[in-house]
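Please look through the sequence and the structure below, and then follow the account that comes after them.

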Amino acid sequence: MRFLKILIVFIFFFAILSSVFVIYLAKLKGQSFFGKIAREELIRHTFILSYANFNAPGDMKFLYLNPKTNSLEVNLRFNNNFAPDEDVEVWIKNMVKETTGKIAVINRFDNLNIAQNSLSDYELTNLEKEINKSHAIKLNIIYVPSYKEKESLAGIVLSRDTIFIFRKAIDTLSEDKKTLKRLEKSTIMHEWGHLLGVEHTSDDNCIMSERVEVYDKHMLEAEQIPDEYCQETLFQIEEFQKSVGK
Ligand SMILES: [Zn+2]
């Protein structure tokens, strides 16, 4: 009997230790070979995702793509000094439909309070924390003026469920209304691609091309800006979706 007790206690501690080790691997060694595999497994579970707080872009992809739900809540935040384009809801709905097959349910909040003209990673992360307190599966799109570390950046993702759009940077980069619209749309789609776990492609005509994010040249022309997902990207997303629940 005594031996059995010791064995049970041993197994119990071993299980806890190995879980902690796997989470450690996935969180802190996420770029290593085993870390990647562990992370890819762990982020499939809502419970682990929330409580071990996996919060990098792409960590929510399996939940976003889970076919069990047929809608996705999208919270759009801005204020009247840096508001989205009038067509933004159509873009979001089409984008969510095309990539996940879901219907986007959009909530608008036009009372975002921001004093700074450009924000650092630290300030953006704090803003996110202030706004986003629940663990619910949703997408946040937050419009802010510009990015402190790189003034010409059009958008960024720093966590698993939030897209920042740099409204002032987009204005500065665009010569006319047509370019402005296209740049804003493609930036939202590009960042959403990252939240779905897609990385940059080398094809300059893809939405997921790195240049969609990093425009160094000022004054762009609309035709230079890709505004559709490539087959390659859609295929990758489809593969993630197929593996949900496996
Ligand atoms: Zn990117």
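Phe 10 lies in helix α1, which covers residues 2-28, and in this predicted model Phe 10 counts as exposed because its relative accessibility is 56%, where exposed means over 50%. Phe 10 also belongs to a nonpolar patch on the surface, formed together with Met 1, Phe 3, Leu 4, Leu 7, Ile 8, Ile 11 and Phe 14, with about 950 Å² of accessible area together.

Seen as a whole, the protein chain contains nine helices and seven strands, and its C-alpha trace spans about 80 × 40 × 30 Å along the principal axes. Of its 246 residues, 48% count as buried.

The charged side chains come next. The protein chain carries 31 positive and 35 negative side chains, with the centres of the two sets 10 Å apart. Side chains of opposite charge can pair when their charged atoms come close.

Asp 59 forms a salt bridge with Arg 39, their closest N and O atoms being 2.5 Å apart. Because Asp 59 lies in the loop between α3 and α4 while Arg 39 lies in helix α2, the pair ties together parts that are 20 residues apart in sequence. Asp 59 counts as buried at 4% relative accessibility, and Arg 39 is buried as well, with a relative accessible area of 15%.

Another buried residue is Asp 85, at 5% relative accessibility. Asp 85 forms a salt bridge with Lys 181, the closest N and O atoms being 3.1 Å apart; Asp 85 lies in the loop between β1 and α5 and Lys 181 in helix α8, so this pair ties together parts 96 residues apart in sequence. Through salt bridges that share partners, Asp 85, Glu 86, Asp 87, Lys 177 and Lys 181 are joined into one network.

Note on methods. Residues numbered from 1 in each chain as written. Predicted model: local features only at pLDDT ≥ 70, side-chain atom pairs only at ≥ 80, totals over all residues. Heavy atoms only, no water. Helix = DSSP H or I, 4+ residues; strand = E, 2+ residues; numbered from the N terminus. Buried < 20%, exposed > 50% of the residue type's maximum accessible area, 1.4 Å probe, protein only. Lys, Arg positive; Asp, Glu negative; His and termini not counted. Charge placed at Lys NZ, Arg CZ, Asp CG, Glu CD. Patch = residues over 30% accessible without salt bridge, like charges linked within 9 Å, V, L, I, M, F, W, Y side chains within 5 Å. Areas by Shrake-Rupley, 256 points an atom, 1.4 Å probe, with all protein chains shown as cover. Salt bridge = Lys/Arg side-chain N within 4 Å of Asp/Glu carboxyl O.
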